[in-house]
Amino acid sequence: MKKNIGAKLGIYPTPIVVVGTYDKNDKPNIATLAWTGICCSEPPSVQVSVRKSRHTHAAIVERKVFSVNIPSARYLVETDYVGIVSGKNVDKFQAAKLTPVRGESLDVPLVAEFPISMECRLTHTLELGSHDLFVGEIVSCWVIEEALQEGGKLNPKKIDPLAFMPSGEYFGVSNFLDNSFSVGKKLMGK
Ligand SMILES: Cc1cc2nc3c(=O)[nH]c(=O)nc-3n(C[C@H](O)[C@H](O)[C@H](O)COP(=O)(O)O)c2cc1C
């Protein structure tokens, strides 16, 4: 039996990303976001939803570029920290002992310690209500070499990403279950 709990956010889990921007003083900043995801394959695009009050929001509007970084589970404390304090008052890279590396294609800070970093160019902005949704075209995607496998596939265990439950908890995502576009075939032709 299921119970209707009303108009609630029922996507469990969402990804956890850390978005990087340079502000108007060229200071690198990062913020944790859970309202995010891949939104187009061609052109490769990612969406991030950001409240107007965030320092990150002003920087994306001004510069029209941002980075999307995937933290590993071992950076959980740093990831939560950069989601609690604002770059308006603090140099979060310095405080969290993380390293900003300027993008090769775009003027965005990438987090050197995180296994994946994408350089994104703003293509669409949608004012939704509490959040503005920014769509960024992924211009470059940087991945740690240890995660690269033959054929260009990435090894999820080497990335060790975080998942977020909108009830407020982080989870690890290390349990391999089966292959996509494959395990479902067990029900074909029955
Ligand atoms: C787990 C987690 C998820 C978050 N998700 C979002 C989000 O999707 N959108 C958003 O605007 N803020 C989100 N935040 C809050 C921002 O990260 C936080 O307000 C941060 O201080 C903003 O930094 P800034 O002012 O330097 O941009 C999240 C925070 C945490 C800890």
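Tutor: A pocket here is an open set of points on a 1 Å grid over the protein atoms alone, where a 1.4 Å probe fits and protein lies on both sides within 12 Å along at least five of seven lines; lining residues have an atom within 4 Å of a point. Volume is the space filled by probe spheres on points joined across faces, edges and corners. The model is predicted, so local features need pLDDT of at least 70 and side-chain atom pairs 80 or more, while totals for chains, interfaces and linings use all residues. Residues are numbered from 1 along each chain, and side-chain values use heavy atoms, without hydrogens or water.

The largest pocket holds about 790 Å³. It has 30 lining residues, with Ile-116, Pro-156, Ile-159, Pro-161 and Val-173 closest to its centre.

Around the ligand are 24 residues (a heavy atom within 4 Å), and Thr-32, Thr-56, Val-85, Ser-86 and Gly-87 are the closest. Three of these residues have polar contacts (N or O atoms within 3.5 Å) to ligand oxygen. A polar side-chain atom of Ser-86 is 2.6 Å from a ligand oxygen. From the backbone, a polar atom of Val-85 lies 2.8 Å from a ligand oxygen, and an N or O atom of Gly-87 lies 2.7 Å from one.

Note on methods: Polar contact = N/O pair within 3.5 Å; in protein donor to acceptor, adjacent residues only side chain to side chain.
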